[in-house]
Amino acid sequence: VWTKAYGVTTPGPMGAPISPTTIFQAASIAKPVSALAVLHQVERGRFDLDADINGYLTSWTLPESDLQAGEKVTLRRLLAHTGGVTPGGFAGYDRTASTPGIVEVLAGTPPASNSPARVASKPGTEVAYSGLGYSLLQLALEDELDRPFEAIMQETVLQPLELSDSTFEQRLPEALQHRAARGHLGVGAAVDDGWRVHPELAAAGLWTTPTDLAKLIVDVAKARRGEKSRLLSSDMTRQMLSLHKEGMGLGFVVRDGDAHGYFAHSGGNT
């Protein structure tokens with residue numbers, strides 16, 4: 001019902017004023033937004049939450065490990081960071097550098113700068129925050145639907161919720177570049193060329209505004225209460241926001257120990 005913007009898009013006297021339509025990199029807040037797309041496909045019957053992720057991958061396969069001890073790396077476990085897959089996040093790439101595709105990210109091959117996706121612990125036993133786990137979900141969506149991830153997110157989440165100031169595009173068109181906040185470090189120095197590129201879209205690739213995120217939060221909250229929402233059924237939303245393990249739901253961090261509970265996710269990048 002009310003929005004107001006403060007500050008400038010970059011430090012110093014040349015920074016343009018921030019407006020409610022200034023877009024920001026949301027970093028790991030991309031994860032629960034991506035989770036909504038996965039759960040939408042579960043409701044459509046395209047995915048099974050408890051199926052092995054390799055059953056949906058055709059472009060690359062997660063190597064099996066003795067550490068699995070017979071346990072599957074499932075979509076449900078990946079969404080809740082209990083898949084046992086290589087933990088950690090991503091540093092991003094300079095805008096002028098070569099950028100890996102999602103298969104190169106998962107394989108850990110050049111120009112990707114990260115380690116490969118591997119089963120590092122027994123699935124289902126612990127929460128180990130994994131950006132590569134969400135990269136597996138990104139590839140599963142692309143392989144299963146035969147569509148680029150950006151297009152899947154646009155059609156499945158962004159358009160239905162009318163998030164008109166959000167995108168997963170990393171090579172921002174000129175019009176969006178003019179609306180993008182530039183990154184800067186704590187001492188005030190600007191990030192080289194304004195921001196870094198994240199091909200790991202499901203884990204870290206969202207550009208958005210606080211207003212668009214508020215629209216998404218309101219829709220999820222309505223569904224949790226049993227009201228009509230634009231994206232998921234109430235049953236699926238409650239499953240998403242139920243405690244899976246160690247404070248994790250399916251995409252969101254959840255706390256359900258009081259009358260209302262809450263769901264959240266933070267994000268941080270260069």
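Reply: In this predicted model, the buried residues of helix α5, which spans residues 149–158, are Phe149, Ile152, Met153, Thr156, Val157 and Leu158. Around the helix axis these residues cover an arc of only 150°, which means that they lie on the same side of α5. The cover over the buried residues of α5 includes α1 (30–43), α4 (131–145), α7 (201–204) and α8 (210–224).

Turning to the rings, the structure holds four aromatic pairs. One of them joins Phe47 and Tyr56, whose ring centres are 4.7 Å apart and whose planes stand at 75°, so this pair is edge-to-face; Phe47 and Tyr56 are both buried. Another pair is formed by Phe252 and Phe263, with centres 4.9 Å apart and planes at 70°, and it is therefore edge-to-face. This pair links distant parts of the chain, since Phe252 belongs to the loop between α9 (234–240) and β3 (253–255), whereas Phe263 belongs to strand β4 (residues 262–264), eleven residues apart. Phe252 is buried, with a relative accessible area of 5%, and Phe263, at 18% relative accessibility, counts as buried because the cut-off for that class is under 20%.

Charged side chains also meet rings in this model: the charged end of Arg95 sits over the ring of Trp195, 3.9 Å from its centre, while Lys4 lies over the face of Tyr6, at 5.6 Å from the ring centre.

Technical notes:
Residues numbered from 1 in each chain as written. Predicted model: local features only at pLDDT ≥ 70, side-chain atom pairs only at ≥ 80, totals over all residues. Heavy atoms only, no water. Phe/Tyr/Trp six-rings, centres within 6.5 Å; stacked < 30°, edge-to-face > 60°. Buried < 20%, exposed > 50% of the residue type's maximum accessible area, 1.4 Å probe, protein only. Helix = DSSP H or I, 4+ residues; strand = E, 2+ residues; numbered from the N terminus. Lys NZ or Arg CZ within 6 Å of the ring centre and 35° of its normal. Arc of directions from axis to C-beta. Contact = heavy atoms within 4.5 Å.
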